Amino acid sequence: MEMFMKKLFTILLFMLGMISAVLAKDTVYVVAPDEVAQLNKFYEQCGGKNWDYVFGWPIQNTTWKSIPRVTGVSFIEKSTREEPSQIVRELRCKKLQLTRGALKGILPNFNMPEIEELLFSNSNLEGSIPE
């Protein structure tokens with residue numbers, strides 16, 4: 001009887017794993033297209049092609065399988081929603097921190113309401129910091 005219970009328990013665990021795999025949903029990370037456009041405008045107007053470190057610039061996508069890695073950009077999760085086949089986590093730019101690049105040009109006017117920190121040391125930028 002004990003051997004039967006062990007086999008039954010093993011089968012139940014296997015079936016539970018299979019059910020979980022079928023029910024599992026992929027998670028996608030999304031940055032709003034308008035925010036991606038604003039970040040790319042910043043890249044273009046501030047000499048991004050000449051920056052020392054440019055991993056992820058210009059930003060090509062709005063949807064990723066993991067939190068996007070873009071040099072100098074930190075994202076914060078703004079919201080999460082569940083769709084039939086996936087979980088969608090909406091991200092917003094929290095920090096823009098470019099301290100090693102050769103930033104030059106006119107700081108574009110941008111509207112990213114979730115941004116908390118801007119750091120542009122060792123740069124030659126003109127214009128005012130957006131409110």
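Asp-34 is partly exposed, with a relative accessible area of 44%; "partly exposed" covers the range between buried (under 20% relative accessible area) and exposed (over 50%), using a 1.4 Å probe and protein chains only. Keep in mind that this is a predicted model, where local features need pLDDT of at least 70 and side-chain atom pairs count only at pLDDT 80 or more, while totals for chains, interfaces and linings use all residues. Residues are numbered from 1 along each chain as its sequence is written, and side-chain values use heavy atoms, with hydrogens and water left out.

**Asp-34 and its partner**

- Asp-34 pairs up with Arg-92 through their side chains in a salt bridge, at 3.9 Å from N to O. A salt bridge here is a side-chain nitrogen of Lys or Arg within 4 Å of a carboxyl oxygen of Asp or Glu.
- This pair links distant parts of the chain, since Asp-34 sits in helix H2 (residues 33-45) and Arg-92 in strand S4, 58 residues apart. Helices (H or I, at least four residues) and strands (E, at least two) are DSSP runs, numbered from the N terminus.

**A look around Arg-92**

- Strand S4, which holds Arg-92, runs over residues 86-97.
- Is Arg-92 buried or exposed? Arg-92 is buried, because its relative accessible area is 13%.
- The Arg-92 side chain also makes a polar contact with the side chain of Glu-35, at 2.9 Å. A polar contact is a pair of N or O atoms within 3.5 Å; within protein, one must be able to donate a hydrogen and the other to accept it, and residues adjacent in sequence count only if both atoms are side-chain atoms.
- Setting aside neighbours within four places in sequence, Arg-92 is in contact with residues including Ala-32, Ser-74, Phe-75 and Glu-114. Contact means heavy atoms within 4.5 Å.

- How many salt bridges does a search of the whole structure find? The search finds seven.
- One of them joins Glu-77 and Arg-89, with the closest N and O atoms 3.2 Å apart. Glu-77 lies in strand S3 (residues 73-82) and Arg-89 in strand S4, so the pair ties together parts that are twelve residues apart in sequence.
- Both partners are partly exposed: Glu-77 has a relative accessible area of 38%, and Arg-89 has 24%.
- Glu-83 and Arg-81 also meet through their side chains in a salt bridge, at 3.1 Å from N to O. Glu-83 counts as partly exposed at 25% relative accessibility, and so does Arg-81 at 43%.
- Salt bridges that share partners join Asp-34, Glu-35, Glu-90 and Arg-92 into one network.

**A nonpolar patch**

- Phe-4, Met-5, Leu-8 and Leu-12 form a nonpolar patch on the surface, with about 390 Å² of accessible area together. Patches are made of residues with over 30% relative accessible area and no salt bridge, where like charges are joined within 9 Å and nonpolar side chains (Val, Leu, Ile, Met, Phe, Trp, Tyr) within 5 Å. Accessible areas come from the Shrake-Rupley method with a 1.4 Å probe, and for residues, only the protein chains shown count as cover.
- Met-5 is found in helix H1 (residues 2-23) and counts as partly exposed at 45% relative accessibility.

**The whole chain**

- The chain has two helices and seven strands, and they follow the pattern α-β-α-β-β-β-β-β-β along the sequence.
- Of the 131 residues in the chain, 28% are buried.
- The chain exposes about 9000 Å², and carbon and sulfur atoms supply 55% of that.
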